[in-house]
Amino acid sequence: IYIGSVGTTDEGVDFAMAERVIKNLHLLDNISSEEITVVMNNRGGDVLHGMAIYDAIKRCRSHVTIKVMGYAMSMGSLILQAGDKRILS
């Protein structure tokens, strides 16, 4: 799963990102017990939607690894803490 901005603007975490990430996490967690890898480049964003992503990651039964490629700023740094394993490049 990729957590980052879509398109040419970088607005960070918003409702569209949260909806996409939560749906993908739920789908992957329910079809397999294999590890889920999240790749993140996140400049922050809305706290409420960011916390929804955080909660969805914490609820996963599967082991979740979060790899940061670029930024993990503001709300992104909190989302990073939800992972079972965190890798910063």
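Residues are numbered from 1 along each chain as its sequence is written, and side-chain values use heavy atoms, with hydrogens and water left out. Because the model is predicted, local features need pLDDT of at least 70 and side-chain atom pairs count only at pLDDT 80 or more, while totals for chains, interfaces and linings use all residues.

Let's start inside. Helices (H or I, at least four residues) and strands (E, at least two) are DSSP runs, numbered from the N terminus. I79 touches, among others beyond four places in sequence, I3, V13, M40, I53 and I66, where contact means heavy atoms within 4.5 Å.

Now for the loops. G44 sits between strand 2 (36–42) and helix 2 (47–59), and counts as buried because its relative accessibility is 1%; the cut-offs are under 20% for buried, over 50% for exposed and partly exposed in between, with a 1.4 Å probe and protein chains only. Beyond its neighbours within four places in sequence, G44 is in contact with G12, V13, M73, S74, M75 and G76.

That brings us to S74, in the loop between strand 3 and helix 3. S74 counts as exposed because its relative accessibility is 52%. Its phi is near 50 degrees, a positive value in a residue other than glycine.
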